[in-house]
Amino acid sequence: MDTSMPKTIIVIGAGIGGLSVLEHLRAEGARGSGHHVILIDEARSHTQGLSLPWIMRGWRTPDEVAVTPSPVALGGVDYIRAAVQAVDPERRTVSLDNGEQLEYHALVIAAGARNNIGWLPGLPEAVESGVAVHFYDPAAAREAHHALDSFTEGRVVLLVASTPYRCPAAPTEGALLAADLFCENGIREQVTIDMFTPEPHPMVTAGPVVGAQLIAMLAAAGIGFFGERTAVGVD
């Protein structure tokens, strides 16, 4: 992009990715130098994803892991609270749900991923009834903590419903933290924990050596690992 003339730079998403882009633009001098930098997001704040398992464990609350852009972080940036409806790369426009249409010279899409509970048949009903929980957003992680904290005996299954998914370490971390919570509550001997995943081993992105070490960590905590299992439904 020719930076000799003022340009319009649009960043979609005010999470860690989008804010990192804004910081890079600040470091490169693109902010406050005549360029029009626009940040678009419908939410007021986002979450430190790495802290979601800690909410599940009960070590954090959703408010404690919120990421809200400060006035300093947004200096020289036009922050628009709206949802993006469409992007037209040929016309170089972004359409918003408020009817506004913005033109751009450069576009960064950092909108993040969305949970799709409805992908697995039966899972929405299981979540609705409280039989199934997850910890991939703050509110759900809080519900997962309450469910685990009130558990008394039986079997808990940590299920990776499909791949790819956000944060390859999270399922293993979640299983270990659940075991730790049950130990703290004095019921570990009354609970069986098993992890099922379509992957051959945990954290395939880190390779088989790390995967084998993680399986050993799970085994040491009394957690069963079952790889290359693909879920087709929840009854």
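Is Arg57 buried or exposed? In this predicted model, Arg57 is buried, with a relative accessible area of 4%.

**View 1. Helix α5 spans residues 170–184.** The helix has 15 residues and reaches 20 Å from its first C-alpha to its last. This span is close to the 21 Å expected at 1.5 Å a residue. Just after α5, Gly186 takes a positive phi of about 75°.

**View 2. Residues of α5 are buried under several other elements.** The buried residues of α5 are Ala170, Pro171, Thr172, Gly174, Ala175, Leu177, Ala178, Ala179, Leu181 and Phe182. An α-helix has 3.6 residues a turn, so residues three or four places apart point the same way. Among the helices that cover the buried residues of α5 are α2 (52–57), α4 (138–149) and α6 (208–220). The cover also includes the strands β10 (154–159), β11 (191–196) and β12 (223–226).

**View 3. Asp180 and Arg57 form a salt bridge.** Their side chains meet at 2.7 Å, N to O. Asp180 belongs to helix α5 and Arg57 to helix α2, so this contact ties together parts that are 123 residues apart in sequence. Asp180 is partly exposed, with a relative accessible area of 35%, whereas Arg57 is buried at 4%. The value for Arg57 falls under the 20% limit for a buried residue.

**View 4. Glu184 forms a salt bridge with Arg57.** The closest N and O atoms of the pair are 3.0 Å apart. Here too distant parts of the chain are linked, with Glu184 in helix α5 and Arg57 in helix α2, 127 residues apart. Glu184 is exposed, its relative accessible area being 56%.

**View 5. Asp194 and Arg155 form a salt bridge between two strands.** The side chains meet at 2.9 Å, N to O. Because Asp194 lies in strand β11 and Arg155 in strand β10, the pair ties together parts that are 39 residues apart in sequence. Asp194 counts as buried at 9% relative accessibility, while Arg155 counts as partly exposed at 49%.

**View 6. Arg57, Asp180 and Glu184 belong to one network.** The three residues are joined by salt bridges that share partners. Side chains of opposite charge can pair when their charged atoms come close. For the model, the count comes to four salt bridges, including the pair of Asp194 and Arg155.

Key:
Residues are numbered from 1 along each chain as its sequence is written. This is a predicted model: local features need pLDDT of at least 70, side-chain atom pairs count only at pLDDT 80 or more; totals for chains, interfaces and linings use all residues. Side-chain values use heavy atoms; hydrogens and water are left out. Helices (H or I, at least four residues) and strands (E, at least two) are DSSP runs, numbered from the N terminus. The expected span of a helix is 1.5 Å times one less than its number of residues. Buried means under 20% relative accessible area, exposed over 50%, partly exposed in between (1.4 Å probe, protein chains only). Contact means heavy atoms within 4.5 Å.
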